[in-house]
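Please read the points below beside the sequence and the model.

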Amino acid sequence: MTTATSPRVLAHPTRDEIRLEGVLHALADPMRLQVVRELATAEGPLSCSYFDLPVTKSTTTHHFRVLRENGVIQQIYQGTAKKNGLRREDLDALFPGLLDSILAAATGQAERHGDE
């Protein structure tokens with residue numbers, strides 16, 4: 001995994017370092033899947049404060065770290081805000097159709113259970 005050179009630069013795996021089991025682990029949690037679903041429909045990167053997750057701030061931070069460390073999202077600082085973007089291009093290149101299938105399944109599940 002790449003390393004951060006300063007506190008304002010976060011470590012991200014390169015495309016070649018992203019592993020299927022890590023991506024599946026990151027997407028297996030309902031809170032992280034919710035974040036990814038929102039990022040997938042966003043026009044651009046979203047700040048961490050945009051997401052209204054029903055967990056503590058430290059747990060939210062943990063969820064974003066798991067997504068970042070497993071190559072699902074990219075986080076960059078813009079001023080004091082941490083912006084999050086989905087690494088769709090990398091995920092689609094490595095695992096064609098996986099992300100779209102998971103997002104479609106999550107949407108179907110949410111509709112069946114009234115979570116939309």
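Predicted model: local features only at pLDDT ≥ 70, side-chain atom pairs only at ≥ 80, totals over all residues.

**Notes on helix packing, aromatic rings and selected residues**

1. Which residues of α1 are buried? In this helix, which runs over residues 20-27, they are Gly22, Val23, Ala26 and Leu27. These residues lie on the same side of α1, because they cover an arc of only 125° around the axis.

2. The packing of α2 with α5 deserves a separate point. Their axes are 11 Å apart and meet the description of packing at an angle of about 110°. An angle of 65 to 115 degrees counts as roughly perpendicular, and α2 and α5 are therefore roughly perpendicular to each other. On the α2 side, the contact is made by Leu33, Val36, Arg37 and Ala40. On the α5 side, Leu99, Ile102, Leu103, Ala106, Thr107 and Ala110 take part. Sorted by class, the residues of this contact are eight nonpolar, one polar and one charged.

3. How many aromatic pairs does the structure hold? There are two. In one of them, the rings of Tyr50 and Phe51 have centres 5.3 Å apart. Their planes stand at 85°, so this pair is edge-to-face. Tyr50, Phe51 and Phe64 together form one aromatic cluster.

4. Ile73 belongs to strand β2, which spans residues 73-78. Its relative accessibility is 0%, so Ile73 counts as buried. With neighbours within four places in sequence left aside, Ile73 is in contact with His12, Leu39, Phe64, Leu67, Arg68, Asn84, Gly85, Leu86 and Arg87. Another of them, Leu39, is 34 residues away from Ile73 in sequence, and the two are 8.8 Å apart in space, C-alpha to C-alpha.

5. Thr60 is found in helix α3. This residue is buried, because its relative accessible area is 13% and the cut-off for buried is under 20%. Apart from neighbours within four places in sequence, Thr60 is in contact with Leu53 and Val55. Thr60 and Ile76 are separated by 16 residues in sequence and by 16 Å in space, C-alpha to C-alpha.

6. Where is Thr14 placed? Thr14 is in the segment before α1. At a relative accessibility of 33%, Thr14 counts as partly exposed. Thr14 and Asp90 are 76 residues apart in sequence, and their C-alpha atoms are 9.1 Å apart in space.

Note on methods
Residues numbered from 1 in each chain as written. Heavy atoms only, no water. Buried < 20%, exposed > 50% of the residue type's maximum accessible area, 1.4 Å probe, protein only. Helix = DSSP H or I, 4+ residues; strand = E, 2+ residues; numbered from the N terminus. Arc of directions from axis to C-beta. Phe/Tyr/Trp six-rings, centres within 6.5 Å; stacked < 30°, edge-to-face > 60°. Contact = heavy atoms within 4.5 Å. Axes fitted to C-alpha atoms, helices over the stretch in contact; angles between N-to-C directions. Parallel < 35°, antiparallel > 145°, perpendicular 65-115°, else oblique. Nonpolar A, V, L, I, M, F, W, Y, C, P; charged D, E, K, R; others polar.
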